[in-house]
Protein chains: 2
Amino acid sequence: MKELNEQSSNSLNDELVIAADLGGTNLRAATIDREGRIHERTKHHTPKAERPDEIVRAIVAAARECESKSVERGAKVRAVSVVVPGTVQVENGVVTKAPNVPSLNGFRLAAVLESELQWPAILENDANAAAVGEMWQGAGRGRKDIIMITLGTGVGGGIILDGKLLRGVDGSAGEVGHIGVEPFDGAPCTCGSRGCLEVYASATAIVRMTREMGARYPHSPLRTSDELTSAAVYKSGTEGDELALEVFRRMGLYLGVGLASLINLFNPEMIVIGGGAAAGWDLFITHVREQVTERAFPVPARRAEIVQAERGDDAGILGAAHIAFETKR
Amino acid sequence: MKELNEQSSNSLNDELVIAADLGGTNLRAATIDREGRIHERTKHHTPKAERPDEIVRAIVAAARECESKSVERGAKVRAVSVVVPGTVQVENGVVTKAPNVPSLNGFRLAAVLESELQWPAILENDANAAAVGEMWQGAGRGRKDIIMITLGTGVGGGIILDGKLLRGVDGSAGEVGHIGVEPFDGAPCTCGSRGCLEVYASATAIVRMTREMGARYPHSPLRTSDELTSAAVYKSGTEGDELALEVFRRMGLYLGVGLASLINLFNPEMIVIGGGAAAGWDLFITHVREQVTERAFPVPARRAEIVQAERGDDAGILGAAHIAFETKR
């Protein structure tokens, strides 16, 4: 009996999920075990594909690459779990809409991957997977009610209530970046609305606001910079550039307004902020906290810890792996 | 066996909950059965009490009044379920904060009622109970993901996800009236923030906006009205008064902005709008729908039916009864 138990416990630890994060730019894949350890990993450019076959081929190749290294050590792959930058129908594995990988719109990606790889395949939205990853192995360890906000090219969100992802009736819930924070005078948003949180808190927004406000700061070197990035604006801010500081103040105000609304609606334990533009943390977080204190109800405002994400680009693949391990089949 | 089954089914139908809705003005109580039928009902003024005892006495008296009439017909009371205008800790039956019945702040109301009445006692927030009532016996019949918005003196909300109330970690979730829709230039809100949905969509807001905008409509009789109510503004609107029409347009714009954010966050099946100011429905709903179409993501916007509440003042007691029947003990 003892031997049998040891064996079964070993085989559990040797079970791996191949998690792939299909971004608009890069395709990253890794083998991940039940403890959240990342074994092998690989990274390639996402093919600029007009047809879904090329993307399938790229995911299959990345998965096989990770598998071959892991299997040498006697591990067994349990499933493949793919993170997509768009809305997905989780239950039937269809990509509903992925603006940065449009060839996948309406494509039954999970079924094709199952057929090619002969493992069960699961799809998840990138922001949802990142939220699960941070809850499982990041800033939200041990929490069950967290909101994850990703400040990247856009602003994404994943909402976890009592340990479970809020997906909504069509799988499109959690669009934290598209709550209206300046609905009438605000800047237009790519979603078709105006004044969404995304147009004030994304990396793209930091660059846009820097250009818009430049005229008022004639001495800022950022004014004449041709290839402005949110990282460059942040760097100038740390050196005391007033234009950069004003941009991050404005970003913080609107992010605080958005978080106050989320806190009044969800009364969460924690809000985790990640993504590239979260690197500006020390320039915006004071303004965020001020707005939350001024605007949200006191009890939920005190409750909601606002913290930085811990797992960076790995949050998505970690979340994908966790979802695969938790899925019953 | 047949007889036994009949007996047990009869006894189920004869089980009643005494539901009481403690408002700032009125205390309403009723006996309600498992099918949602209201048997006896009573209504009294809420005592203007400095100590909780008087309120307890009023609830006990109303409960006994309903009980005596129902028990004559052989029914059995299973529990008492009380709806409170404020935040409550459901699990231990404590009123956290009730701004319109402040003597109850911090009071263990459920325990005292159990002791006095010798039935299990349950507390719930008024907006949450109304949401459950509309789902069980009103506009949301057969739905599981609905958001209820009550446009009264303030704007309350109850959010039901997969059939269950979203309460949040401290029981204060669902404050739909306090999402920021005009955060910087908006009117101050009683909650301490500024530009909350409540300051544009409540009955109070309709009166305030009518006064604020009066100067621009010199021919409107509403300008000189001393005792302005949202009902009077609505009536003028139906008669073509331009000030009233502009007030309801403005209300509809902001309500639409708020609903668009909720739709992007929750992807619900239905949004149910109730409360006194919902009577202005035909003057504001077109503007609400326009904003939702312009602002929310297409898939969840098409999904979310926006409808009027059906059970009026009874939604709260119906919800309270349903929660009591569903509570395991």
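**Notebook: two chains, one predicted model**

**Entry 1. The contact between the chains.** I began with the interface and found 33 residues of chain B in contact with 33 residues of chain A. I counted two residues as in contact if their C-beta atoms, placed from the backbone, lie within 7 Å. The elements that each supply at least two residues to the side of chain B that touches chain A are α8 (242-266), α9 (281-295) and α10 (298-303) of chain B. Of these, α8(B) gives the most, with six residues. I sorted that side of chain B by class and got 17 nonpolar, nine polar and seven charged residues. For the classes, Ala, Val, Leu, Ile, Met, Phe, Trp, Tyr, Cys and Pro count as nonpolar, Asp, Glu, Lys and Arg as charged, and the others, Gly among them, as polar.

**Entry 2. Ground rules.** I noted that this is a predicted model, in which local features need pLDDT of at least 70, side-chain atom pairs count only at pLDDT 80 or more, and totals for chains, interfaces and linings use all residues. Residues are numbered from 1 along each chain as its sequence is written, while chains are lettered from A and ligands numbered from 1 in the order in which they are written.

**Entry 3. Confidence.** I looked up pLDDT, the predictor's confidence in each residue, from 0 to 100. Chain A has a mean pLDDT of 93, and 96% of its residues reach 70 or more. Over residues 1-11 of chain A the pLDDT is below 50, and this stretch has zero contacts in the model beyond near neighbours in sequence. For the model I wrote down ipTM 0.92 and pTM 0.93.

**Entry 4. Symmetry.** Two copies of a chain are related by a rotation about an axis and a shift along it.

**Entry 5. Chain A as a whole.** I listed eleven helices and twelve strands in chain A. Helices (H or I, at least four residues) and strands (E, at least two) are DSSP runs, numbered from the N terminus. The radius of gyration of chain A is 21 Å, close to the 20 Å that the globule rule gives for 329 residues, so chain A is as compact as a globular protein of that length. The radius is taken over C-alpha atoms, and the rule is 2.2 Å times the number of residues to the power 0.38. The C-alpha trace of chain A spans about 70 × 45 × 40 Å along its principal axes. Buried residues are 54% of the 329 in chain A. A residue is buried if 20 or more other C-beta atoms lie within 10 Å of its own, exposed if 12 or fewer, and partly exposed in between, with C-beta atoms placed from the backbone. Of the contacts in chain A with a separation of 6 or more, 63% join residues 24 or more positions apart.

**Entry 6. Domains.** Chain A is divided into domain 1 (2-132 + 314-326) and domain 2 (142-308), with bounds from an automatic or database domain assignment. I found the C-alpha centres of the two domains of chain A to lie 29 Å apart. Twelve residues of domain 1 of chain A are in contact with 13 residues of domain 2 of chain A. On the domain 1 side, β5 (87-89) and α4 (126-137) of chain A give two or more residues, and α4(A) gives the most, with six. That side has seven nonpolar, four polar and one charged residue.

**Entry 7. Single residues.** A:Asn267 has a phi of about 45 degrees, and A:Asn267 is in the loop between α8 (242-266) and β11 (270-274) of chain A. A:Asn267 is buried, with 26 other C-beta atoms within 10 Å. B:Asp162 has a positive phi near 50 degrees and lies in the loop between β9 (155-161) and β10 (164-165) of chain B. B:Asp162 is exposed, with 12 other C-beta atoms within 10 Å.
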